[in-house]
Amino acid sequence: MLDLPTSREDLEKLIAYQVPEDIHLDYKQSEAIDHKCRNEIAKDVSAFANSDGGIIVYGVVEHGHLPTSIDDGVDHRIFTREWLDQVIRSNITPRIDGLTIAQITLSKDKSAYSILIPKSCRGPHQAPSKRYYKRFNFASAPMEDYEINDVRQRRRTVPPLVNIDVRIRHGALIYLVVSNTGDAPAEDVTFEFPESFAWLSTLAKPNIFSRGIKSLVPGKELPFFYSQFIEIAKD
């Protein structure tokens, strides 16, 4: 699967190399990001998670499933990265873990967006229509009952899986969030950080990062304030 596009140069390479849409990649024009498109956004994201994962790129014009150009983008003053994240999190059940959204600045007030959706082991994920979708023939299609049951079977093979994610709150506060996205308790969890890692918060570094966690149940999240953008900018 492709790496997540994070710059205009990445989008231009997709066009130059004529990378086609497939089960793991979908191009959409920026007009697909709008208040009236919330349900469609959630449907498409849930379809990737219920299938084998993939990437959605908003801001690229395609013809015959091939990318042809970058459009003008969406107004990122209105449709922020946080807005898109909230649309996805509030309209898909259960929530998809490990989702990554990249904002790709195209001009002073316009951006494209790309979303990396992992293959989910916590599904099946339901769209706002109360239906379940999959990726099929370059589109999001309703799932058959046996396919829904197959996705449910993934849970039985998922071991404890501890992640540390970076999350932005209120547009300026940076948190490190420790979570167990597996389906079994994680026991005796310990943490290792590179020597160059510095705890930037004025608060003391949380003790769990040095002493570890005895048990972390599935679905549990532990947020820790790390810093503010303004503090990082000073460095």
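Modeller: Arg 77 is exposed, at 60% relative accessible area. Exposed means over 50% relative accessible area, buried under 20%, and partly exposed in between, using a 1.4 Å probe and protein chains only. This is a predicted model, in which local features need pLDDT of at least 70 and side-chain atom pairs count only at pLDDT 80 or more, while totals for chains, interfaces and linings use all residues. Residues are numbered from 1 along each chain as its sequence is written, and side-chain values use heavy atoms, with hydrogens and water left out.

Arg 77 makes a salt bridge with Asp 75, at 2.9 Å from N to O. A salt bridge here is a side-chain nitrogen of Lys or Arg within 4 Å of a carboxyl oxygen of Asp or Glu. Asp 75 is buried, at 14% relative accessible area. Arg 77 also forms a salt bridge with Asp 109, where the closest N and O atoms are 3.3 Å apart. Arg 77 sits in the loop between β5 (74–75) and α3 (81–91), and Asp 109 in the loop between β6 (100–105) and β7 (110–117), so this pair ties together parts that are 32 residues apart in sequence. Helices (H or I, at least four residues) and strands (E, at least two) are DSSP runs, numbered from the N terminus. Asp 109 is partly exposed, with 25% relative accessible area.

Now the other salt bridges. The structure holds 17 of them. One joins Glu 40 to Lys 43, with the closest N and O atoms 3.2 Å apart. These two residues are three apart in helix α2 (residues 38–50), so about one helical turn separates them. Glu 40 is partly exposed, at 40%. Lys 43 counts as buried, at 17%. Elsewhere, salt bridges link Arg 95, Asp 97, Arg 122, Arg 167 and Glu 221 in a network. As for cysteines, a search of the whole structure finds zero disulfides, a disulfide being a pair of cysteine sulfur atoms within 2.5 Å. Cys 37 is buried, at 15% relative accessibility, while Cys 121 is partly exposed, at 30%.

The largest nonpolar core has 21 residues, and Val 45, Leu 84, Ile 88 and Ile 115 have the most contacts inside it. A nonpolar core is a set of buried Ala, Val, Leu, Ile, Met, Phe, Trp, Tyr and Cys residues joined through side-chain atoms within 4.5 Å. At least two residues of this core come from each of α2, β2 (54–58), α3 and β7. Helix α2 supplies the largest share, five residues. Ile 115 touches, among others, Val 45, Leu 84 and Ile 88, leaving aside residues up to four places away in sequence. Contact means heavy atoms within 4.5 Å.

The buried residues of α4 (residues 145–153) are Glu 147, Ile 148 and Val 151. Seen down the axis of α4, they fall within an arc of 105 degrees, so they line one face of the helix. That arc is taken from the directions from the helix axis to the C-beta atoms. These buried residues pack against α2, β8 (133–136) and β9 (139–142). The face turned away from the buried side carries the exposed residues Asp 145 and Tyr 146.
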